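The following explanation is intended for a reader meeting this structure for the first time. Please keep the sequence and the model in view while reading.

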Amino acid sequence: MAAGILCWALIVASTQPVTFFADRNWVKPGVMLILAGGLLLAWHGGRQWTRSWSARTYRRVLVGLFILILLVQGLVAWQFVDVGRADSYFVRNQAIAIAHGQTTWPHYFAVYPNNVNYTLVASLSLKGLLSLGINPPWLILNLGRFLWVDLALVAGCYLLWTWHHWQPGALSFMLIWLGSVPIYAYALFAYTDAIVLPIPLLSLALGVWTKRHTGWQRWIGGLSGLLLVSFGVWLKSNLIVVWIAVMLILLIAVIRHHWHWAWPVLAILTLSGWWLGFHLWAQASGYHRQTQDALPATSWIAMSLNPQLAGQYNYTDFNQVNRQPTATAKKATTQAMIKQRLQQLGISGGLQHLLQKFRVFWATGDFDSFRLTTQWIRAPQWFLNHQRAIQFWLVTWTQAIFLCLLIGSLWTWFSAKQHQLSLGYLALIVIGLTVFHVVFWEVEARYAVPLLPILMLLASDATATVPTWSWLREGNHRWLVSWLMVLGVSFSGISILKTTQTTSTVASVVARQGNGAYFKVTTATLPAHQTVTLKLPINHRHDQLELVPASHQGKVQLTLQQAGQVIKRVTGTPKQVAKIAYQTCPAGTLVVTIKNLGHKAIHYQAATTNYNQRTGHVLTRSQLAWRYFVLDHRPAQALTRLRTIGLNLLLWLVIVLISLWWQPRQ
């Protein structure tokens with residue numbers, strides 16, 4: 001069944017990638033298949049080359065590659081620091097409050113109690129760093145998340161070693177890891193996804209290690225694995241499928257008299273123990289569950305049946321349930337929604353809806369990485385200036401690599417005759433997460449990210465088991481494939497050029513503070529006849545400012561200055577002067593002075609934040625951060641340059657041709 005899921009995933013990923021995520025500029029499916037085919041040829045040639053290395057050379061290359069991975073991750077962690085948005089913003093803000101000893105929780109956590117446990121964990125790390133005088137602490141936390149995620153890399157290499165596919169499987173795994181965009185994106189994203197990402201592979205590695213040892217070592221390994229999986233369940237509820245997979249494996253082992261019955265009991269005890277520990281910790285931190293405010297589990301099921309967004313999170317559905325005054329009313333509303341939508345969909349409509357949800361879950365190889373954050377405390381200027389073009393190429397190559405991972409994983413599942421218990425465990429996780437989100441629950445691409453290391457492992461295992469393509473050694477076949485690749489480059493170049501020329505960029509947001517509107521709008525008050533001054537650092541040219549008023553009545557005067565010069569002064573109602581266009585200004589600090597000319601207070605949307613949204617410094621007292629967006633309008637231009645297209649495809653062609661013609665010495 002897991003292989004069947006991957007077969008269908010391969011079809012939708014190659015022909016129907018999702019266009020309503022942040023990845024809107026997809027190349028044609030034919031181009032994607034050509035790029036993936038070339039990568040497979042390069043993979044085959046590289047595999048033949050590495051097989052000729054001595055064990056010492058192979059070890060040295062792996063050590064060097066591992067050091068390179070750590071250096072690249074450290075550079076990315078230093079250069080990219082996320083502000084936090086939506087759920088991650090609420091978690092970070094409250095974690096700071098708890099670290100400072102506060103015990104008041106926002107209403108958000110009464111509605112979403114599922115984020116309480118992660119907030120407590122985050123507060124513990126923040127408290128430790130702040131006590132050491134590390135402020136802002138986000139760089140250290142970035143590095144910590146990278147190291148935690150890298151445990152999946154270590155676990156995968158260990159599994160390949162125990163499967164006797166270390167060479168060239170470990171090198172393949174490390175190279176994929178080094179070039180994986182989702183690994184970097186989710187390690188930078190301060191939310192639960194990075195925490196649960198390594199758990200499937202790490203738990204399997206601990207299980208294999210436990211099986212290979214006896215005595216106290218077996219108990220330490222087994223207990224560590226059970227604690228890890230149970231910990232993941234209480235941070236992210238969908239990891240219950242991993243815990244169920246562990247229980248099924250343990251029960252099978254008990255029935256076959258391989259393991260003692262105490263192990264399933266220990267699994268239940270660790271799950272219960274984590275629940276009790278988090279419950280007591282939350283109470284000690286001032287949190288008390290509000291049953292009348294919390295969303296019932298059926299609300300997520302009702303949301304998942306909404307065909308308008310293919311079962312994704314829907315604010316309209318959320319609001320319809322959330323505004324009900326009691327838990328009984330909330331549950332009744334969601335049950336009515338479920339019944340009405342099941343009747344509306346019918347059997348054929350229901351099947352089509354499930355296919356759409358499957359597409360959301362499996363079709364994008366970047367797992368919606370580019371929608372995780374839109375606001376940075378720190379990011380390189382070259383990235384911000386060319387974000388759309390960079391995203392286009394990263395999405396394109398990531399999708400091509402994803403297709404290769406699916407193909408390699410399918411080979412492993414169809415051909416493997418050993419390690420059936422390990423593969424069965426991974427299959428249960430793939431099936432469980434897919435069924436959980438596609439059939440029952442709300443679906444998002446990021447919910448599938450724990451499956452990415454599994455695909456990497458299976459595809460790397462295929463590196464050691466796929467037979468040599470002996471037909472490529474024949475000169476005629478080699479020439480034929482080479483010319484096909486040249487034709488493929490020509491076709492791909494023309495197709496990509498057409499795609500990027502028809503997709504133009506006109507306006508881009510060059511500075512923003514977007515928090516303060518998710519879940520509940522919060523506002524800053526400007527009393528009558530009072531003035532407020534905002535200083536907005538902007539590292540790019542700009543020509544428009546947008547504020548977000550919560551009041552529509554009244555009269556205000558806005559004055560915009562830069563480098564001591566007044567560039568615009570406007571007067572009107574807050575709504576009339578919400579968007580202000582002005583002459584193009586270079587990078588610098590835009591000073592915005594807002595004066596209330598009326599006799600009543602006016603309100604603008606703003607976030608009540610415990611850390612500076614621009615510098616990231618943790619504050620001892622919360623402050624208001626006004627919502628704003630600064631834009632740059634420019635003449636329409638192509639998404640990416642012809643030279644960039646040529647360089648990308650030429651590099652791809654050179655690598656493919658080298659892999660075809662450069663044969664290792666025998």
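What volume does the second largest cavity have? In this predicted model, the second largest cavity has a volume of about 70 Å³. It belongs to a group of 3 cavities of 30 Å³ or more that a search of the whole structure finds. Its lining includes Gly 179, Ser 180, Val 181 and Pro 182, together with Gly 365, Thr 398, Ile 401, Phe 402, Leu 405, Leu 452 and Met 456. At least two lining residues come from each of helix 9 (181-188), helix 19 and helix 21. Helix 19 gives the most, with 4 residues.

The largest nonpolar core holds 175 residues, and Trp 177, Trp 362 and Trp 413 touch the most other members. The surroundings of Trp 362 can be followed residue by residue. Setting aside residues up to four places away in sequence, Trp 362 touches Ile 5, Leu 6, Ala 9 and Ala 13, as well as Phe 402, Leu 406, Val 430, Thr 434, Leu 451 and Leu 455. A second core, separate and made of 27 residues, has Ala 511, Cys 585, Tyr 604 and Tyr 628 among its members.

Attention may now turn to the second largest pocket. About 1,200 Å³ of space lies in this pocket. Its lining is formed by 40 residues, and those nearest its centre are Leu 39, Ala 42, Trp 43, Leu 175 and Ile 655. Helix 2, helix 8 (166-178), helix 19, helix 21 (452-465) and helix 23 (642-661) each contribute at least two residues to the lining. With 9 residues, helix 2 gives the most.

The buried residues of helix 2 are Val 31, Met 32, Leu 35, Ala 36, Gly 38, Leu 41, Ala 42, His 44, Gly 45, Arg 47, Gln 48 and Thr 50. An α-helix has 3.6 residues a turn, so residues three or four places apart point the same way.

Strand 5 (residues 531-538) has a covered face formed by Val 532, Leu 534, Leu 536 and Ile 538, while Thr 531, Thr 533, Lys 535 and Pro 537 make up its uncovered face. Strand 5 runs antiparallel to strand 10 (residues 588-596), to which 8 bridges join it. Within this pairing, Leu 534 stands opposite Val 592 of strand 10.

Two alanines complete the account. Ala 185 is found in helix 9. Because its relative accessible area is 16%, under the 20% limit, Ala 185 counts as buried. Apart from neighbours within four places in sequence, Ala 185 is in contact with Ser 369 and Leu 372. Ala 185 and Thr 522 are 337 residues apart in sequence and 28 Å apart in space, C-alpha to C-alpha.

Ala 336 lies in helix 17 (residues 327-362). Its relative accessibility is 47%, which falls between 20% and 50%, and Ala 336 therefore counts as partly exposed. Ala 336 and Pro 137 are separated by 199 residues in sequence and by 46 Å in space, C-alpha to C-alpha.

Methods: Residues are numbered from 1 along each chain as its sequence is written. This is a predicted model: local features need pLDDT of at least 70, side-chain atom pairs count only at pLDDT 80 or more; totals for chains, interfaces and linings use all residues. Side-chain values use heavy atoms; hydrogens and water are left out. A nonpolar core is a set of buried Ala, Val, Leu, Ile, Met, Phe, Trp, Tyr and Cys residues joined through side-chain atoms within 4.5 Å. Buried means under 20% relative accessible area, exposed over 50%, partly exposed in between (1.4 Å probe, protein chains only). Contact means heavy atoms within 4.5 Å. Two strands pair if DSSP finds at least two bridges between them. On a 1 Å grid over the protein atoms alone, a cavity is a set of points where a 1.4 Å probe fits but cannot get out, and a pocket is an open set with protein on both sides within 12 Å along at least five of seven lines; lining residues have an atom within 4 Å of a point. Grid points are joined across faces, edges and corners, and a volume is the space filled by probe spheres set on the points.
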